[in-house]
2 protein chains.
Amino acid sequence: MSQKAFSRLDIDGLEKRFRTNLINSLTGFKSVSLIATASLEGTTNLSIFSQIIHVGANPPLVGVLFRPHTVPRHTLENILATQHFTINHIRDSFVVKAHHTSARWDQSEFEACELTPEYDKEVSAPFVAEASVKIGLSYVEHYTLKCNETVFLVGEIQKILLPDDSLGSDGFIDLVKAGTMTCSGLDAYHKVQEPTRFAYAKPNQPLERIDKGVN
Amino acid sequence: MSQKAFSRLDIDGLEKRFRTNLINSLTGFKSVSLIATASLEGTTNLSIFSQIIHVGANPPLVGVLFRPHTVPRHTLENILATQHFTINHIRDSFVVKAHHTSARWDQSEFEACELTPEYDKEVSAPFVAEASVKIGLSYVEHYTLKCNETVFLVGEIQKILLPDDSLGSDGFIDLVKAGTMTCSGLDAYHKVQEPTRFAYAKPNQPLERIDKGVN
């Protein structure tokens, strides 16, 4: 297998679109979800995000990175105004609609892309009815990164909705069964294969494979 | 499909292990890589991380979240001391060794798990020879989050190494071809299927599918 190398000088000299695709591919497979919000006036908004990470289990926290210069600011503005947002996993059945939310629509992306808002009493932001795994969150804090003025925002989980048959007896969610997709680069969506799970690793002992724990 | 719901009260009342598995599954499929560092004295260290996100393409930036209370601090200490680290994608061929780095070894995880350090003149930290996609980074800045004292650290890409035949003419990396895996929850590793790629989305126009752009 022949290896390709890029030094920092090479990277800085790349054509803009090539560099954007390359660098966006380097962080591997990513979580990809629709983030839904509503303004104080009740106008709904839906945006696709792949910069979402686990921050902690207790309290249950999730981090999202917002890129102020390339993504419309409605999502961040709505979260700061209403304190609420939802994260909705993308399934194969509506991946075309999900990607289409990234266009610059004048109306709500729910209407424009024919996705269905769904409400729950514990979170003021809408969920996406078509999604299988859905999380409702409240705002905790945010940091504007000095390096490029992106905004790292942390939310605390207030509500979880998921398909009954994807939840294992040990709390593990079978995301393949739930139909959750992953993405790579800027525009590639992938289905995922069944996992191999390993037990907690100990030194000098062979790794044990464990069952999926799904009921 | 019957739906399972957890309110915040439900979540807080869950058994610890169940809650940890559940919350760690909620952020969907994740980037999973080995982060390699060396101490000032040259002792190498290897740790498995799934909290890695794209921060920007120009300058090329990557973010990593460190959990101070649950993960050994060697990686973070080495980065702060030497200013360098590498991110190495995990392939199926060494996923058992990669998961085994999470055990509490007394010696370097390179030796303990039989993985091979590989050096490049532009980055002082070792790469993992067995990985296909490898990134060398230098420290930029870090933030200790008030919500749970995790540390969000940003690195700037100084070197990229990847298999020649996985790089498309548009800069997109075919991560399926490169053998990169994804993970879910705390302990599940998945292979990924071929992607569907979409063109830049425009309002009121059907989405166009594009080829993978691989040479």
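Two residues are in contact here if their C-beta atoms, placed from the backbone, lie within 7 Å. Keep that in mind, everyone, for the interface.

This is a predicted model, so local features need pLDDT of at least 70, side-chain atom pairs count only at pLDDT 80 or more, and totals for chains, interfaces and linings use all residues. Residues are numbered from 1 along each chain as its sequence is written, and chains are lettered from A and ligands numbered from 1 in the order in which they are written.

Now helix H2 of chain B, residues 16-26 (helices are DSSP runs of H or I, at least four residues; strands are E, at least two; both numbered from the N terminus). Its buried residues include Thr20(B), Asn21(B) and Asn24(B) (buried means 20 or more other C-beta atoms within 10 Å of a residue's own, C-beta atoms being placed from the backbone). So what covers them? Among the cover are strands S5 (52-57) and S10 (134-144) of chain A, together with strand S12 (182-184) of chain B. After H2(B) comes Gly28(B), with a positive phi near 75 degrees.

Last, over to chain A: Leu186(A) sits in the loop between strands S12 and S13, and touches Thr20(A), Asn21(A) and Asn24(A), leaving aside residues up to four places away in sequence. Leu186(A) counts as buried because it has 20 C-beta neighbours inside 10 Å.

Notes. Buried ≥ 20, exposed ≤ 12 C-beta atoms within 10 Å, placed from the backbone.
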